[in-house]
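Please keep the sequence and the model in view while going through the points.

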Amino acid sequence: MTTRHVTVGVDGTLIAVRALDRAAEEAVLRGALLDIVYAVPDLDEAGPVLASASARVRERNPGLPVKASAFEGGPVQALAQHGRGAELTVVGTRGLGGIAGLLFGSVSLRLAARMRGPLLVVRGNHQSASRGEVLLGMESDADADAAASAFAEAARRGVRLSVLDAAASRRPAPVPPALIPADQGRDDAVVRVPTEQAVPRRAVAGLRQRYPQIEVEVRTFDPGRVHSLLEATREAAVVVVGAHGHLHRIGPRPGPVTAALLHHSHCPVAIV
């Protein structure tokens, strides 16, 4: 039987430490083993970094099972292999190199394209996984997996789920005047609408019934103007989006909403 695990990449940088701390919290939430991975050209280089990472996790999370291993090769191959079957794979967005130094570019995009499960990209200062609501950014009915993941995240944390639905903003639907914010004249205004009207029906079929304990707020936003979605990430524990992509000469590229979040989100971004 495969052990349930959360995989995280480290390389000794500050962002690696932030990603490590977040990954440990995610492993605790899931009751899973934490799998710490360091990709290096020479395996002899990995010892001190892995030992330090393991000691930090054990000190801050007593009782959490931890596995640490070095991988001779590149970060994409390392995390794709270790993240196979993982509950979650966690990476940072800035650093000097290695797995945790995944900049918004070809390495992180190739990793996202190869992952079979959720990829959590930790941006900026580390924020506790237990603080804040869960956001779900929906672009289309194809985001069924992202919707299911967001509902599960909200249930796991016992917090509200805010659905920001770009698809609904493109569907003709009458909105009662009382529900339109007074500042609707802004390009990035968000409109609150009834859940059953705003959320793509196929993407969330049965999720409200499966998670009746979750408070759900639904808003629409213009996918061409994502300021409101970015602002909502300031107080969120995580924002969940689908792995939309477009072919490019240097490889797969994310959709505009995902790209904006990877560049500017104030909280970690989960790509499902």
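Predicted model: local features only at pLDDT ≥ 70, side-chain atom pairs only at ≥ 80, totals over all residues.

1. Threonine 89 has a relative accessible area of 1%; because buried means under 20%, this residue counts as buried.

2. Threonine 89 lies in strand S4, which covers residues 88–92. Setting aside residues up to four places away in sequence, threonine 89 touches Thr7, Leu79, Gly83, Met115, Pro118, Leu119 and Leu120.

3. The largest nonpolar core has 43 residues. Those touching the most other members are Leu34, Ile36, Val90, Leu136 and Leu161. Helix H1 (residues 14–30) supplies the largest share of this core, with six residues. In soluble globular proteins, nonpolar side chains tend to be buried together.

4. Which residues does leucine 136 contact, leaving aside neighbours within four places in sequence? They are Ala146, Ala147, Ala150, Leu161, Ser162, Val163, Leu164 and Val240. There is also a second, separate core of 25 residues, and among its members are Leu111, Val241, Leu262 and Ile271.

5. The protein has a mean pLDDT of 77, and 71% of its residues reach 70 or more.

6. Two stretches deserve a separate remark. The pLDDT is below 50 over residues 95–106, a stretch that has 44 contacts in the model beyond near neighbours in sequence. Residues 193–199 also stay under 50 in pLDDT, and the model gives them 24 contacts beyond four places in sequence.

Technical notes
Residues numbered from 1 in each chain as written. Heavy atoms only, no water. Helix = DSSP H or I, 4+ residues; strand = E, 2+ residues; numbered from the N terminus. Buried < 20%, exposed > 50% of the residue type's maximum accessible area, 1.4 Å probe, protein only. Contact = heavy atoms within 4.5 Å. Core = buried A, V, L, I, M, F, W, Y, C linked by side-chain atoms within 4.5 Å. pLDDT = per-residue confidence, 0-100.
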